[in-house]
Structures are given as structure tokens and as C-alpha cells.
Amino acid sequence: MSRFVWTFALAAGLAIAVSSAQAEEPAKEQIQAMTSAQPAVAEPAAKQEPKAQDAAPQAAPEQPKKAEPTKTALACAHPGALGTSRTITVAPDAFPHIGTMQYRESLPLEDHEVVITFDDGPLPPYTDRVLDALDAECVKVTYFIVGQMARAYPDTLRRIYNAGHVIGTHSMHHPFSMGRMDDEQLTREIDGGIVAVKAAIGDDRAVAPFFRVPGLARSRQVEAFAASRSLAVWSADEVADDWFHGIKPAQIVERAMRRIEAKGHRGVLLLHDIHPATAMAVPMLLKELKANGYKIVQAIPAGDRPATVPERTPEQIAAARSQGWPRVIKASLKGHHAHKHAHAASETDDGFMGKLAGKKKHAVASAYEINEIFNR
Ligand SMILES: [Zn+2]
């Protein structure tokens, strides 16, 4: 149960973890928001242009000092779509820390340019709905994947990658205590998360050296550890509170738009593709961004990446399951676990955990399933 709680407390507890872990950081109130995602249709996206970098001149290896903006819009088969206007190559030595919520620097975005990021997944069906919405608008983004989630849903992870998105990591178990961890614990969480995501995606080269600290609970030790692994540490410029208990999709969109405007009409936006409200918000958000003249920029890693990773066949999936691959066990929401969730919610105050207390049944259901996985 505890691992599950950590995982989901992530969203709920971000504000808390952040405020306690970074005394020297800027505006605490900025940290009270997170992100959004969206609903949609299903189609293994990616018929058009699986790899952002196909159209994007990569930063030359010999001069990784600057992000390399590219001017080529990525191909999009959907007329009138928002699209992805360009890519920025992010080398960790040039951008060790990203995001004005916690650092001085962010990505060198122009006026009305937005980089969208999603944390905490993958989690069907919400991740799939977000992917569908992104695909409908030919929008390419960056994901920060939790190791345990990748292990549980490797096929969804591969779908994300094959749709042309970038995969970074977000620890193994999403602990909120990373800011207080020693190197041994950080090794388990940071290195362990990377190993798990690489194993789940099936190709080491498909995982970018991008890392976001769970709950944004940074510390100098975490940053030094990340630097020792040549990881770029991502915070964000804006959040949209999409993990808040009871938040409506329209509110997520409104907060995202308002905060992006307030930050100079640009920024790195943090959302969570594990929430139903986010999944519903993403199509609306993309529509709003388009209507207001925004362009989407995708941050990509330097170097070569595979265009796609192999998807598992039904036979491979069945074989993996028979060998103990994590399975989802559905059970009654009224069982004793529901009581534990309700208790946990009272301890983490706001956010996703609040949903677990009982308002949104399908949210409870998905959370319950994850609980089963993490308890295995
Ligand atoms: Zn997270």
C-alpha cells in the first residue's frame, strides 16, 4: 500500500514536498499547479512522423553548448492541426536544470512557444486518451515515466514512444522524499527508474537523459547525483493543478492558459497523463493554444534515437504474463483498500488522493488497480 500511496501522493503532495524542500526557490505559489492531458480516440498514433528529429537538425555533438532550435515544422497529416513547429535539442551539460518554477533557467523559447510535458504514467486508459488527442493535433511532447508504471504498462510506454514523443524518467517508485535521500537511495530510485524504463521500452537508446524529481522535491544532492549521471533535471515553468481533487477539465485549461500568459506567453508546462480530468482537458487545451496563436515546441535529446521501438505481439505479452509480468487485478472498490485510501487522503490533504476517498469512481478504480500492482 505504501508504494502506491507514494506514487499518487506525488501529485497531491507536490505543493507540500516542494515548499519543504526548496527554501531558496522562487515563488512558492507557482508550485501549486501541475498539468493536463486529454481524452479521445484511439489509434496507435504515429502514421505520420514518428521521430521528431527526422525533421530536426540535431545539435552537433561537438558543440552541445546551445539548444539547437530548428525551423522545420514537423510533418502533419491533419489539415488545420496545431502541429509541432520545431524541436529544441537539449543536452544536459548545456541545460542541467530547466524550469523557472525552481531554477533561473528554462528552455530558450520564443514568444508564444510552449513545451508540453506529462508526468507519472503510463496509465491506461488515460494515457491512451492523451495520446489520441496529441495525435489529432500532431503535437509532440516529452514524458517523464515512473519505473513501476513502465514495468506495469510496457505496451502503453512503447505506444508513447512510437507516436514520436520523448521519454524521460521520473524515478522508480515516485517517492516524495527524494530531497532527503542519500546517494544509495538515489541510486535505487533514479538509476533504478531508468533501468526499468529501458527494460520496458525494449531499447536503451529510446530513453532520453531527462529526469524530473517526484513532487519537484529537489535538493543539491539530487542535482549533484543527476549531474553525475549526465541527466538534465527538469522542473517546469507552469503547472495547471491537474492533480487537485475535483478539478474540472475547463479549470485545468484556464489555469494553464493564464499561467502561460503570465510567464511571458511561453514556457514548459507540466501535466499528468494519469488523471481523467487531464485526459479530458488536453483536447480543449490544444484548441485554446491554437486559437491564441501558440506554437508547440518539442524538446529532444542530443544524439541518435531509434525511430521506433518494437511493439510486443499478443504472444509475447501472454508469455510475459505467464512468467510473472505484472498483472492488473480488479476488485471491489468497497474493499478494505478503499479505507486505506480514504485514510491516506486525509493525510495528504488536496489532490488525487482526495479522489480516492470516493468522489470519482473510475479514478478510484484505476488507482486501485495500481495499488494491486505495487503490492505485488
Ligand atoms: Zn510525478
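**Loops, a buried helix and model confidence**

Pro125 lies in the loop between β4 and α2. Here helices (H or I, at least four residues) and strands (E, at least two) are DSSP runs, numbered from the N terminus. The model is predicted: local features need pLDDT of at least 70, side-chain atom pairs count only at pLDDT 80 or more, and totals for chains, interfaces and linings use all residues. Residues are numbered from 1 along each chain as its sequence is written.

The peptide bond from Pro124 to Pro125 is cis, with omega near 0°. Most peptide bonds are trans, and most residues other than glycine have a negative phi.

His112 has a phi near 65° and sits in the loop between β3 and β4. A residue is buried if 20 or more other C-beta atoms lie within 10 Å of its own, exposed if 12 or fewer, and partly exposed in between; C-beta atoms are placed from the backbone. His112 is partly exposed, because 16 other C-beta atoms lie within 10 Å. Asp241 has a phi of about 60° and belongs to the loop between β9 (238-239) and α7 (249-262). Asp241 has 22 C-beta neighbours inside 10 Å, so it counts as buried.

Ser106 is in the loop between β3 (97-98) and β4 (113-119). Ser106 is buried, as 22 other C-beta atoms lie within 10 Å. Contact means that the C-beta atoms of two residues, placed from the backbone, lie within 7 Å. Leaving aside residues up to four places away in sequence, Ser106 touches Ile98, Gly99, Thr100, Asp237, Gly267 and Val268. Ser106 and Ser235 are 129 residues apart in sequence, yet 8.7 Å apart in space, C-alpha to C-alpha.

Helix α4 (residues 154-162) is largely enclosed by the rest of the structure, because eight of its nine residues are buried. Among the elements covering them are α2 (126-136), β5 (142-145) and α5 (183-201). Just after α4, Gly164 takes a positive phi of about 95°.

The chain holds 12 helices and 11 strands. Of its 376 residues, 57% count as buried. Mean pLDDT (the predictor's confidence in each residue, from 0 to 100) is 77, and 66% of residues reach 70 or more. Over residues 1-65, pLDDT stays under 50. Residues 329-376 are likewise below 50.
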